[in-house]
Amino acid sequence: MSLQTLRVLEAFLENPTDELAGADVQKRGQLASGTLYPILLRLESAGWFVSRWEAVEPSSIGRPRRRLYRLTPSGLRRASEVFSTFGRGVLA
Amino acid sequence: MNPRHQPAASPPHSAPEEILRQPERLARWLIQRAARHSGPALSARLEEEWLADLAVQRRGFSRLRFAIGCCWATRVIAHEHAGLGVPVGSSATGNGLAVALAHQDPSLFSRRTIVFLIIVGLHVLVIYAFANGLVRKVIEVIEQPPLVGFVSHPAPPDPVPQLTETNFPTPPLTPPWHELTPIVDPEEPAPSNDTAPQPWQGPPLPAPPTGAVNRVLGGPGRGFPDTDQYYPVASRRIGEAGIATVRVCVDDNGRLASEPSIAHSSGSVRLDEGALKLARAGSGHYRTTTENGRPVSFCYPLNVRFELRP
């Protein structure tokens, strides 16, 4: 598992119930967009994340809807296992 | 792109704002273009997602950097998902779960394959050109200047000065050097037919000193290099042949006593150079000229014949 993937997981593990958009993960993990979105899609395909569209009307807020990602229960368990193996200090 | 998330028409902007909007426009264009290249299943989703995330980036070049990153992400995503069934979650329209095929290159040949085929084709073309003599023809066309030039009204020819001995001052020769008509020794034939002393065809040489001297002219001796070894490759390739006359001065040990020079050109600089190289390489392998049976140092013309053999 790459360092960038660990940073993505760490961003979600700060509060596992949060739903985060790509831009939020990018800020928390200090990741470039070219790195972030392939990781999100990869983890979603593997069942670690689920995603949904933001429940807003784009015309009313004047911007497109954001895609929100959330850890699945199995994703949370596996991410926790990963970090228990490596220790959180690995990303410090 | 979902038409619902088109921003409303904005009021006219001031000049600084307009400058700031340029990277933003470029960023939007890059994202839309990148998303389209991610394949039909993902393009709508990624475009809307990335445009939404673009909107929360800081204005200016941060957005441009974000968009460039999305272009890279498209390449990675397309590479990873090519040919695989990838569950991508809810569709762009938000109507339930959709499992879609990620981007697959619809064309028979990818760009990389086409480039590879072009490179292979160029190699085949070059090999074919070498094998069929096309390159030789090209060299002939390039090497040989056209015989026909611009024709203009001929000017009256300048009077050609009469050449006299005073036009070409030559250093006085001191004995034992002589410039005499070469004599080929009939008893000891040269090892190569291509390099044989020939009668001097230049300006008249001074008369030999009086007195009966039995002189046997030297020439290529045993171990003298073969002419073919010094046939210029370019000349051989374009079928260039000719005879170059080299003036050599050979001492009484069969070695060159001075640098050989071209006495009569073959008409080709390459062949002349090849003849000079041959003459230099033969130093130490010349038969010495003898006078009354005694080896002497002597200068004489050496003809080097370059001819193509089947």
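I'll start with two helices in chain A. The axes of helix 1, residues 3–13, and helix 2, residues 22–29, come within 9 Å and cross at roughly 105 degrees. Those axes are lines fitted to C-alpha atoms, for helices over the stretch in contact, with angles running from 0 to 180 degrees between N-to-C directions. Helix 1 and helix 2 of chain A are therefore roughly perpendicular to each other; that label covers 65 to 115 degrees, with under 35 counted as roughly parallel, over 145 as roughly antiparallel and the rest as oblique. Helix 1 of chain A makes this contact through Arg7(A), Val8(A), Glu10(A) and Ala11(A), and helix 2 of chain A through Val25(A), Arg28(A) and Gly29(A). Contact here means that C-beta atoms, placed from the backbone, lie within 7 Å. By class, the contact between the two helices has three nonpolar, one polar and three charged residues. Nonpolar means Ala, Val, Leu, Ile, Met, Phe, Trp, Tyr, Cys and Pro; charged means Asp, Glu, Lys and Arg; the others, Gly among them, are polar.

Some housekeeping. This is a predicted model, where local features need pLDDT of at least 70 and side-chain atom pairs count only at pLDDT 80 or more, while totals for chains, interfaces and linings use all residues. Residues are numbered from 1 along each chain as its sequence is written, and chains are lettered from A and ligands numbered from 1 in the order in which they are written.

Now chain A as a whole. Chain A has five helices and three strands, and from the N terminus on they run α-β-α-α-β-α-β-α. Helices (H or I, at least four residues) and strands (E, at least two) are DSSP runs, numbered from the N terminus. Of the 92 residues in chain A, 40% are buried. Buried means 20 or more other C-beta atoms within 10 Å of the residue's own, exposed means 12 or fewer, and partly exposed is in between, with C-beta atoms placed from the backbone.

Is helix 3 of chain A mostly covered or mostly uncovered? It is mostly covered, with 10 of its 13 residues buried. Among them are Tyr37(A), Pro38(A) and Glu44(A). Just after helix 3 of chain A, Gly47(A) takes a positive phi of about 90 degrees.

Next, the sheet. The three strands of chain A form an open, antiparallel sheet in the order 1-3-2. Strand 1 (20–21) and strand 2 (49–53) are the edge strands, each pairing on one side only. Pairing requires at least two bridges found by DSSP. Strand 1 of chain A is joined to strand 3, residues 67–71, by two bridges, and there Ala21(A) has Leu68(A) as its bridge partner. Strand 2 of chain A is joined to strand 3 by five bridges, with Val50(A) opposite Arg70(A).

Last, the contact between the chains. It takes 25 residues from chain B and 24 residues from chain A. On the chain B side, helix 2 (40–55), helix 3 (61–81) and strand 1 (85–90) each give two or more residues. Helix 3 of chain B supplies the largest share, eight residues. That side of chain B divides into 14 nonpolar, six polar and five charged residues.

Note on methods
Contact = placed C-beta atoms within 7 Å.
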